[in-house]
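Q: I am new to this structure. Please take a close look at its aromatic rings and tell me how they pair.

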Amino acid sequence: MKNRLFATAKNKIDDFKYKAEQKAYDNLLNLLAFDDFAQLDKQEKQLAWSWATNPTEENKQLLQQATNKKVDWLKAHGFDPNQLVPQYHCKVCGDTGFVKGQRCECLKREINALARKESGLNNPQCTFEASTETDSHNQQVYLACQKYCDCIDNKKVLNVFLTGQTGTGKTYLCMAMANKLLDAGKTVLAVSSFKLNNDFLQAHTTFGLDKLDIIDFYLQPDVLIIDDLGTEPVYKNVTKEYLFTLLNERLMRLQHTIICTNLSFEQIMDVYDERIFSRLQQNCLKVKLQNKDKRVNLK
């Protein structure tokens, strides 16, 4: 996923560069139709070559004089000299995507935008900073989840088990974590347990490479968020088996999985089985939101 996002973002940056340079070149071709400008441009190129092969102060001054003459001609005839210079989308890297060997902020933004689009999350306003949570217990839960995001690279905590009754703010907290991780450059994928379960069923009834592609899709992101675990139907030989395989494989790869559910941690054993329970509790941050349903409007 990361390599694909990088390639897509880099292609977009490269396209910016191509279009900026092509436009400047087209402008030059149009101006070369003027004989006097063409002569000035030829003279400038000749002096540029002379200075490149023999970088004396005299050649430098002659080149500057030729450039000034061309600029004066453009201004005198109502043309903007900047139209001959590529107007890059990013002034920092010149649409190369890199500055001193490091990814430019413009490339990072493009990757981040693509990651957000593919994550299934469409509300960047859900952040820890924008939270209006007032319950003291829940505030401690928020702090624990924020610390998890800040320390995600140390791999000490791989799973987050977030539980609480309907309307206590689980989805908001998951989105806040996702947005923070996306801002940190992580790839995040959010999926409902119902959609995930249907994909498990599709994989179970599919043969060949397509079967592997369905499962591999959920193994690619740095962080996988499974929302509403426990609300999906349990298909025989599918739901428990494929969920175990997914959780186990992500653990082995030291990838992060966030579970959002109305079930208590103990109920996982009853609804699923001991193997899934065991995988969820490994390197796991277990947190519970409490209080009344935030979605109830009191009049």
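A: What follows is a walk through the ring pairs and the charges over rings.

The model is a predicted one. A search of the whole structure turns up ten aromatic pairs. One of them joins Phe-6 and Phe-98: the ring centres are 6.4 Å apart and the planes meet at 65°, so this pair is edge-to-face. The cut-off for that class is over 60 degrees. The two partners come from distant parts of the chain, 92 residues apart. Phe-6 belongs to helix H1 (residues 2-31), while Phe-98 belongs to strand S1 (residues 98-99). Phe-6 has 24% relative accessibility, so it counts as partly exposed. Phe-98 is partly exposed too, at 32%.

Next come Phe-265 and Phe-277. Their ring centres lie 4.9 Å apart with planes at 50°, so the pair is tilted. Phe-265 is in helix H10 (residues 265-271) and Phe-277 is in helix H11 (residues 274-281), twelve residues apart. Both Phe-265 and Phe-277 are buried.

Rings also gather in a group. Phe-34, Phe-37, Trp-73 and Phe-79 are linked into a cluster by ring pairs.

Charges meet rings as well. The charged end of Lys-286 sits over the ring of Phe-265, 5.0 Å from its centre. Arg-275 lies over the face of Phe-244, at 4.1 Å from the ring centre. Phe-244 is among the buried residues of helix H9. Helix H9 covers residues 239-252 and reaches 20 Å from its first C-alpha to its last.

How values were computed
Residues numbered from 1 in each chain as written. Predicted model: local features only at pLDDT ≥ 70, side-chain atom pairs only at ≥ 80, totals over all residues. Heavy atoms only, no water. Helix = DSSP H or I, 4+ residues; strand = E, 2+ residues; numbered from the N terminus. Expected span 1.5 Å × (residues − 1). Buried < 20%, exposed > 50% of the residue type's maximum accessible area, 1.4 Å probe, protein only. Phe/Tyr/Trp six-rings, centres within 6.5 Å; stacked < 30°, edge-to-face > 60°. Lys NZ or Arg CZ within 6 Å of the ring centre and 35° of its normal.
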